[in-house]
Amino acid sequence: MNKKNLICLLLIIIVIGVYYNYQKGDASASKSIPNTLDKPIYQSDDMLTDIYDLSGELVYKIESSHVRHFDDSDNTEFDLPNFTFYDQDHLATWHIKAKKATLTNDKHLYLYQDVQLDNLTKDAQLKQVKTDNAVIDLTSQLVTSKDPVIIYGVGFYSTGIGLASDLHTKTANILENVKTYYNTEAK
């Protein structure tokens, strides 16, 4: 092997070594950058928050055992949430609870596991709605669900699948397989 070939071979080995070392350095540098996309930017335990409209009137209250807000999705997650909704007369009208909830940027509240809506209005015919999962549009206060539903009222209860409810008008409609029982003790 002549000197020219030996020098070329050494240069190729050096270039490969530098390239390999450079790639290894990039891989370890990317591993050291923490993945913040799935970590909350803030979190809180035992949270109580009051939400007001632009005129300063109380719209709803949120209580939760643990809250996490994620910047990448702009979602807020709640554990054991309790929501109290208020009407224009500043009276509590609905108490809503679940095991978990997610509030999205577009003002939709997704409720998960053992969802219960209790009507706090004294003379209302509709007293309670129970389902597994539900979605509340906080702007319109419409509640929907695709899961089994039980509605309790004065002198009746109804069961079925799916829910379309309006918190303003205090109405709830079961969408499919409706069975209603009258003049019985609500279970």
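View 1. H69 belongs to strand 2, which spans residues 58–70 (strands are DSSP runs of E with at least two residues, numbered from the N terminus). The model is predicted, so local features need pLDDT of at least 70 and side-chain atom pairs pLDDT 80 or more, while totals for chains, interfaces and linings use all residues. Residues are numbered from 1 along each chain as its sequence is written, and side-chain values use heavy atoms, without hydrogens and water. With a relative accessibility of 10%, H69 counts as buried (under 20% relative accessible area, 1.4 Å probe, protein chains only). Its side chain reaches the backbone oxygen of N75 at 3.3 Å. Beyond four places in sequence, H69 touches P40, I41, Y42, D74, N75 and T76 (heavy atoms within 4.5 Å).

**View 2. Surroundings of I62.** I62 also lies in strand 2 and is buried at a relative accessible area of 5%. Its contacts outside four places in sequence include M47, L48, I51 and F78. Between I62 and F78, 16 residues apart in sequence, the C-alpha to C-alpha distance is 9.5 Å.

**View 3. Aromatic pairs.** The structure contains five aromatic pairs (rings of Phe, Tyr and Trp, the last by its six-membered ring, with centres within 6.5 Å; planes under 30 degrees apart are stacked, over 60 edge-to-face, the rest tilted). Y60 and F85 form a tilted pair, at 5.4 Å centre to centre and 35 degrees between the planes. Because Y60 is in strand 2 and F85 in strand 4 (residues 82–86), this pair ties together parts 25 residues apart in sequence. F85 is buried at 1%. The pair of F78 and F83 is edge-to-face, because the ring centres are 5.8 Å apart and the planes at 80 degrees.

Conventions: Helices (H or I, at least four residues) and strands (E, at least two) are DSSP runs, numbered from the N terminus. Buried means under 20% relative accessible area, exposed over 50%, partly exposed in between (1.4 Å probe, protein chains only). A polar contact is a pair of N or O atoms within 3.5 Å; within protein, one must be able to donate a hydrogen and the other to accept it, and residues adjacent in sequence count only if both atoms are side-chain atoms.
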